[in-house]
Amino acid sequence: MSLARSLPDFPWDTLAGARQRAMEHPDGVVDLSVGTPVDPTPAFARDVLVAASDAPGYPTVWGAPETRRAIIEYMSERWRSVTLTEECVMPVVGTKELVGWLPVLLGLGDGDAVVYPECAYPTYAVGAQVAEARLVPLDDPSQLPTDTRLVWINSPANPSGQMLTLPELRAWVQAARSHGAVLASDECYGEFAWDEEPISVLDPRVNDGDLTGLLAVHSISKRSNAAGYRGGFVAGDPTVVGDLIGARKHLGMMLSTPIQAAMSAMLGDQQHVEEQRERYLGRRSVLRPALEGAGFRIDHSEGALYLWATRDEPCRDTIDWLAARGILAAPGDFYGEASNRHVRIALTATDERIAAAASRLSEA
């Protein structure tokens, strides 16, 4: 059987009917189903990309020295990480690639458990399936199975926007270490925390200054409106990072030289991130009260680029209700059985489309 046939159907393919209904709205569809940025990639990053485009030689899997330094400086200055060396970091070809392939790259397989949140980005489970490891959706670190080899945490979380507190992060680190497991913290939405402080797993408050078994995963897709660049990085335990580099050398998993240059420039600039935060805050301030006024309850949503909304009904009924008003959202059943009464509503649409959605909700 081919790999594609052994995996579940791609979730967004199941939205075809709702998408068609939403597109029939006389003022067009408001697509809030996928968290893809719509605002411009910073001009300075595009300039750097062009300037680095004469790149006849192969890049390295480990990344250029300038890339590694940019990652280290960003993690130190923005996330107060434990002191990192260049052996602690590696660029990746978009963080979905890393999430999907990490169990394989770590050599996991039959007899190994991959733990991830009960309400979670589906690629954590897909990565475990590709490796033929055991899938364990779990929210309680004290209940880790004895065969746990990889633990995924995600804060701020996709889809719910839930954020882990410092004590919760410490509990996950301690539990993973007690099992000799790698703990991978997906921090790709960290720049967009609204109601709580975002904390990296590499912060010494979390790990007591010890990187053993820890990986932090970051991306430029959301923070810099650069999803099309497919740039990100992993940072943490130098032994684990070294093993990843060694495996990836054989597989050609290397980030292109121009994208590395642009990513380095973006990581070194915080102003454009703050400007984007303000855009999303503005959209959130329009969309959240409109949803609540239409009878929705917003749960969690302390961070990330989504509103985790419910009408206390099956999520596919809510998807149909929204589609009848020309609004497309992501059903909660994409993210696990525990989420089938919620929908994920993205803030990643233009101001005009967010206003259109709010207007339609106010007429409900």
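## Strand E8 and its surroundings in a predicted model

Trainee: In this predicted model, which strand pairs with E8 in the antiparallel sense over four bridges?

Mentor: The pairing runs in the antiparallel sense and comprises four bridges. Within it, Val92 has Gly232 of E8 as its bridge partner. The strand concerned covers residues 89-92, and its name is E2.

Trainee: How many bridges join strand E7 to E8?

Mentor: Strand E7, residues 214-219, runs antiparallel to E8. Ser219 is the residue that stands opposite Gly232 in E8. The number of bridges joining E7 to E8 is five.

Trainee: How many of the five residues of strand E8 are buried?

Mentor: On one side of E8 lie Gly232, Val234 and Gly236, and on the other Phe233 and Ala235, with both faces covered. A residue counts as buried when its relative accessible area is under 20%. E8 is therefore largely enclosed by the rest of the structure, the count of buried residues being five of the five.

Trainee: What is the radius of gyration of the protein?

Mentor: The protein has 13 helices and 13 strands. For 364 residues the globule rule gives 21 Å, and the value for this protein is close to that, so the protein is as compact as a globular protein of that length, with a radius of gyration of 20 Å.

Trainee: Is Ala304, which has a positive phi although it is not a glycine, buried or exposed?

Mentor: Ala304 is found in the loop between strand E9 (297-299) and strand E10 (306-310), and its phi is about 70°. Because its relative accessibility is 0%, Ala304 counts as buried.

Trainee: What is the relative accessible area of Arg80?

Mentor: Arg80 is placed in the loop between helix H4 (65-79) and E2, and its phi, near 50°, is a positive value in a residue other than glycine. Arg80 is partly exposed, a class that lies between under 20% and over 50%. Its relative accessible area is 46%.

Terms used
Residues are numbered from 1 along each chain as its sequence is written. This is a predicted model: local features need pLDDT of at least 70, side-chain atom pairs count only at pLDDT 80 or more; totals for chains, interfaces and linings use all residues. Side-chain values use heavy atoms; hydrogens and water are left out. Helices (H or I, at least four residues) and strands (E, at least two) are DSSP runs, numbered from the N terminus. The radius of gyration is taken over C-alpha atoms; the globule rule is 2.2 Å times the number of residues to the power 0.38. Buried means under 20% relative accessible area, exposed over 50%, partly exposed in between (1.4 Å probe, protein chains only). Two strands pair if DSSP finds at least two bridges between them.
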